[in-house]
Amino acid sequence: MELAAYADYAVRLVNTEAPGRGTDDLRTTGDIARLLDAVGRPPSRVAESDVPRLRAVRTRLRAVFTDAAEGRPADAVATLNGLLAEYPVHPRITGHDGRPWHIHLAGDQAGAAESYAAVAGMGLAVQLTSLGADRLGVCDAAPCRNVFVDASANRSRRYCSDRCSTRANVAQYRARRKARATTD
Ligand SMILES: [Zn+2]
Ligand SMILES: [Zn+2]
């Protein structure tokens, strides 16, 4: 796993909540287990106390994306540095499945929330510093407020998914057609 790929942990955690829709998929230890499964993390002991802890990390990570996307990179970096200091990461070189030596990020000694926060923060830090803070985005297709990392070649990504991109295009098309109809 490339270190940058760990940013997916941050993206998936933030996107467990859809503030524009009022839904929240991070309420129970089962939700955390599903999140760990989604990122391919081996299941670990998830405690009840991990729920509020991870939700607090989620709020801070969303702020990183929002500040970065809205042109406040220094604020985004300050928040991310806070997370990095609070949740130290444990790198380990591994060479499983006949693959070349590569680094895995872990937090074996810590609980599920600390471990997840450490890995998510480091992954996001790698992406922010290698791609640029302006590559952290928030979906433009309201009410979706999902976050994403724009790794596209032309820095043009505006939506979290193809689904949102299609939805936004259809909405724009309808709006244009309606505007034409009223001016005719
Ligand atoms: Zn690996
Ligand atoms: Zn979206």
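Biologist: Start with helix 1. Is helix 1 mostly covered or mostly open?
Modeller: Mostly covered: six of the eight residues of helix 1 are buried. Keep in mind that this is a predicted model.

Biologist: Which residues of helix 1 are buried?
Modeller: Ala 7, Tyr 9, Ala 10, Val 11, Leu 13 and Val 14.

Biologist: And what do the buried residues of helix 1 pack against?
Modeller: Their partners are strand 1 (17-18), helix 2 (29-38), helix 3 (50-69), helix 5 and strand 6.

Biologist: Take helix 5 from that list. At what angle do helix 1 and helix 5 pack?
Modeller: The angle between helix 1 (residues 7-14) and helix 5 (residues 112-131) is about 115 degrees, and their axes are 6 Å apart. The range of 65 to 115 degrees counts as roughly perpendicular, so helix 1 and helix 5 are roughly perpendicular to each other. The crossing of helix 1 past helix 5 is left-handed.

Biologist: Which residues make the contact?
Modeller: Helix 1 contributes Ala 7, Tyr 9, Ala 10, Arg 12 and Leu 13, and helix 5 contributes Tyr 116, Val 119, Ala 120, Gly 123, Leu 124 and Gln 127. By class, the contact of helix 1 with helix 5 has eight nonpolar residues, two polar and one charged.

Biologist: Now helix 3 against helix 5. Are helix 3 and helix 5 roughly parallel or roughly antiparallel?
Modeller: Roughly parallel. The axes of helix 3 and helix 5 cross at roughly 15 degrees and come within 9 Å. An angle under 35 degrees counts as roughly parallel, which is why this pair falls in that class. Helix 3 passes helix 5 in a right-handed crossing.

Biologist: Which residues are in that contact?
Modeller: On helix 3 they are Asp 50, Arg 53, Leu 54, Val 57, Leu 61, Val 64 and Phe 65. On helix 5 they are Ala 112, Ala 113, Glu 114, Tyr 116, Ala 117, Ala 120 and Leu 124. The contact of helix 3 with helix 5 divides into 11 nonpolar residues, three charged and no polar.

Biologist: Changing topic: what coordinates the zinc ion (ligand 1)?
Modeller: The zinc ion (ligand 1) is coordinated by NE2 of His 96, NE2 of His 102 and NE2 of His 104, at 2.0 to 2.1 Å. Along the chain, the donors are spaced as H-x5-H-x1-H.

Biologist: Is His 102 buried or exposed?
Modeller: His 102 counts as buried, because its relative accessibility is 11% and the cut-off for buried is under 20%. His 96 has 29% relative accessibility, so it counts as partly exposed.

Biologist: What about Asp 97, what is its phi?
Modeller: Asp 97 has a positive phi of about 55 degrees, although it is not a glycine. Asp 97 is in the loop between strand 3 (90-94) and strand 4 (102-106), and at 70% relative accessibility it counts as exposed.

Biologist: Where is Arg 155, and what is its phi near?
Modeller: Arg 155 is in the loop between strand 6 and helix 6 (162-183). Its phi is near 50 degrees, a positive value in a residue other than glycine. Arg 155 is partly exposed, with a relative accessible area of 47%.

Biologist: Next, the loop between strand 5 and strand 6. Which peptide bond is cis?
Modeller: The bond from Ala 142 to Pro 143, with omega near 5 degrees. Pro 143 is located in the loop between strand 5 and strand 6.

Biologist: Ala 141 is in that loop too. Is Ala 141 buried or exposed?
Modeller: Buried, with a relative accessible area of 3%.

Biologist: What is Ala 141 in contact with, leaving aside its neighbours within four places in sequence?
Modeller: Tyr 159, Cys 164, Arg 167 and Ala 168. Ala 141 and Arg 167 are 26 residues apart along the chain, and their C-alpha atoms are separated by 7.3 Å.

Biologist: Last one, the overall picture. How many helices and strands does the protein have?
Modeller: Six helices and six strands, in the order α-β-β-α-α-α-β-β-α-β-β-α along the sequence. The C-alpha atoms fill a box of roughly 70 × 35 × 35 Å along the principal axes. Of the 184 residues, 39% count as buried. Among contacts between residues at least 6 apart in sequence, 55% join residues at least 24 apart.

Terms used: Residues numbered from 1 in each chain as written. Chains lettered and ligands numbered in written order. Predicted model: local features only at pLDDT ≥ 70, side-chain atom pairs only at ≥ 80, totals over all residues. Heavy atoms only, no water. Donors = N, O, S within 2.8 Å, 3.2 Å for Na, K, Ca; no water. Buried < 20%, exposed > 50% of the residue type's maximum accessible area, 1.4 Å probe, protein only. Axes fitted to C-alpha atoms, helices over the stretch in contact; angles between N-to-C directions. Helix = DSSP H or I, 4+ residues; strand = E, 2+ residues; numbered from the N terminus. Parallel < 35°, antiparallel > 145°, perpendicular 65-115°, else oblique. Left-handed = near helix turned anticlockwise from the far one by under 90°. Contact = heavy atoms within 4.5 Å. Nonpolar A, V, L, I, M, F, W, Y, C, P; charged D, E, K, R; others polar.
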